[in-house]
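Student: I would like to learn how to read the features of a model like this one. Please take them one at a time.

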Amino acid sequence: MPHYKLTYYDARGYAEPSRLILAYAGVEYDDVRIPLGQLTPTKKAELRLTHSCLPSLEIDGEVYTQSFVIARYLATKYGLTSDDELENLRMNECVAILDSYVMKLIPLFYNNIPEKEKEALRQRLLKVETVRTMNHFDKLLKKNLAVGSAWLVGRNFSYTDIYFAYLSTQFNGRLLKRDVLKDYPELQDLRKRVFDIPSLKEYIQNRPVTLF
């Protein structure tokens with residue numbers, strides 16, 4: 001079995017889907033957390049970051065970067081993708097849609113934006129981007145529920161469900177100040193079922209408390 005070292009800041013952020021996948025699979029790994037603001041040039045060199053970005057995954061001495069690439073690799077290795085090419089295509093599409101949504105939220109992190117402007121942006125994101133994104137996943141889930149599946153893509157639990165459950169909680173409090181699934185009971189149930197999986201529930205209960 002390969003030895004993994006997953007390195008990221010002391011935050012959930014872009015590394016958390018991979019941590020959740022590893023937790024689900026029951027895989028032991030080195031969870032290296034760098035304090036925010038301390039990724040110095042010396043530290044980058046020490047971590048052998050090819051593109052100076054985190055997270056990174058070291059596998060038996062070789063270093064790989066890019067959050068989606070890492071998560072997709074782990075999901076494939078531990079049975080959270082599909083044998084069907086089109087289902088995998090849909091899974092990747094779902095994750096890309098979620099990533100595009102997250103990128104639109106990033107300005108809410110900035111402290112140099114006046115609060116009045118930030119609140120206007122927050123309301124626009126809630127009324128436009130959040131509705132558009134959650135409507136998409138609501139329709140996708142309901143289509144699957146209609147044919148007897150409990151999950152977003154295909155008939156089996158996948159890394160797409162992990163991504164969705166995680167990202168639908170990540171920005172609710174501090175950034176958006178409301179649950180993005182407030183008007184979507186089926187999606188709320190999906191999120192609950194994901195987080196009630198024993199290995200994920202245990203990980204979430206015991207993971208370090210971080211700002212984001």
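Student: Which strands does helix H3 lie across?

Tutor: Helix H3 (residues 67-77) lies across S1, S3 and S4, at about 45 degrees to S3. Helices (H or I, at least four residues) and strands (E, at least two) are DSSP runs numbered from the N terminus. Contact means heavy atoms within 4.5 Å. Axes are lines fitted to C-alpha atoms, for helices over the stretch in contact, and angles run from 0 to 180 degrees between N-to-C directions. This is a predicted model: local features need pLDDT of at least 70 and side-chain atom pairs count only at pLDDT 80 or more, while totals for chains, interfaces and linings use all residues. Residues are numbered from 1 along each chain as its sequence is written, and side-chain values use heavy atoms, with hydrogens and water left out.

Student: What is the strand order of the open sheet?

Tutor: Strands of a sheet pair through backbone hydrogen bonds, either parallel or antiparallel. Here the order of the four strands is S2-S1-S3-S4, with mixed pairing; two strands pair if DSSP finds at least two bridges between them. Strand S2 (30-34) and strand S4 (62-65) are at the edges with a single partner strand each, so one side of each has no neighbour in the sheet. On average, neighbouring strands are turned by 20 degrees against each other, direction ignored.

Student: How many bridges join S1 to S3?

Tutor: Four bridges join strand S1 (residues 4-9) to strand S3 (residues 56-59), and the two run antiparallel. Leu-6 stands opposite Leu-57 in S3.

Student: At what angle do H6 and H8 pack?

Tutor: Angles under 35 degrees count as roughly parallel, over 145 as roughly antiparallel, 65 to 115 as roughly perpendicular and the rest as oblique. H6 and H8 pack at about 110 degrees, with their axes 9 Å apart, and are therefore roughly perpendicular. The contact includes Phe-164 and Tyr-166 of H6 and Leu-190 and Val-194 of H8. By class, it has eight nonpolar, two polar and two charged residues. Ala, Val, Leu, Ile, Met, Phe, Trp, Tyr, Cys and Pro count as nonpolar, Asp, Glu, Lys and Arg as charged, and the others, Gly among them, as polar.

Student: What is the volume of the largest pocket?

Tutor: On a 1 Å grid over the protein atoms alone, a pocket is an open set of points where a 1.4 Å probe fits, with protein on both sides within 12 Å along at least five of seven lines; lining residues have an atom within 4 Å of a point. Grid points are joined across faces, edges and corners, and a volume is the space filled by probe spheres set on the points. The largest pocket has a volume of about 540 Å³. Of its 23 lining residues, the closest to the centre are Tyr-8, Gly-13, Tyr-14, Val-102 and Ile-106. H4 gives the most to this lining, with six residues.
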